[in-house]
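Please examine the sequence and the model shown here before reading the points that follow.

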Amino acid sequence: MTGTGGKIFNILLVGVGGQGTILASELLVLVLLEAGFDVKKSEVHGMAQRGGRVVSHVRFGDKVYSSLIVRGEADILVGFEMAETLRSLDWLLPGARVVAARKAILPYTSQVGQASYPFDALDTARDAGFDLTVVDGEALAEQTGEKKTANVVLIGALARYLPVKRSVWEETIKKNMPEKLVQMNLTAFGLGWNEEQV
């Protein structure tokens, strides 16, 4: 680990139930602990089993006292779904980084035409001055043979912006994933890590 000079990094992960947002945040925490950081995490996932909003707060640094990010102070937003990404922009510091999946999951009201869906959510994030990295997680995940690894693809894209060596990420995946899933998740992580950032 390299010290953070006293800075606490705040990462907000958002998605909807079934996307693996919680699992991704757990992997993130394991990696940060392995790298020697103090880490705190908190989750909100009421109705997640029905496709509801899922939010994880992850904070790390030399010493962290609270697990909750203050609105407007997140350094990085990881958005697994476009509308949830848009809904969370006000949690970010000005000019913060957004790592977002190009994934739309329409709520029932949008499916039946009672409400519009913000298909321009990522353009809105870029226009608001955030440093945007867009990842087509599911399309990349298909290369692993399992679309459910899209969450690990996104974590791979996030990893490039954190002060942790790639080898620590890979060793943590090897140590914590079931053996039959290790290679698939290593591949997913590498696809996100190597994806040309746009």
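1. In which sense do strand β1 and β4 pair, and over how many bridges? Strand β1 (residues 9–16) and β4 pair in the parallel sense, over 4 bridges; two strands count as paired if DSSP finds at least two bridges between them. Strands (E, at least two residues) and helices (H or I, at least four) are DSSP runs, numbered from the N terminus.

2. This is a predicted model, in which local features need pLDDT of at least 70 and side-chain atom pairs count only at pLDDT 80 or more, while totals for chains, interfaces and linings use all residues. Residues are numbered from 1 along each chain as its sequence is written, and side-chain values use heavy atoms, with hydrogens and water left out.

3. Strand β4 (residues 74–79) also runs parallel to strand β5 (residues 92–101), joined by 5 bridges. Within β4, V78 is the bridge partner of L13, and V78 stands opposite V99 in β5. Of the 6 residues of β4, 6 are buried (under 20% relative accessible area, with a 1.4 Å probe and protein chains only).

4. The axes of helix α7 (residues 166–176) and helix α8 (residues 179–194) come within 9 Å and cross at roughly 155°. That makes α7 roughly antiparallel to α8 (an angle over 145 degrees, on a scale from 0 to 180 between N-to-C directions).

5. In the contact of these helices (heavy atoms within 4.5 Å), R166, W169, E170, I173 and K174 of α7 meet residues of α8 including V182, L186, F189 and W193. By class, the contact of α7 with α8 has 6 nonpolar, 3 polar and 3 charged residues.

Conventions
Parallel < 35°, antiparallel > 145°, perpendicular 65-115°, else oblique. Nonpolar A, V, L, I, M, F, W, Y, C, P; charged D, E, K, R; others polar. Buried < 20%, exposed > 50% of the residue type's maximum accessible area, 1.4 Å probe, protein only.
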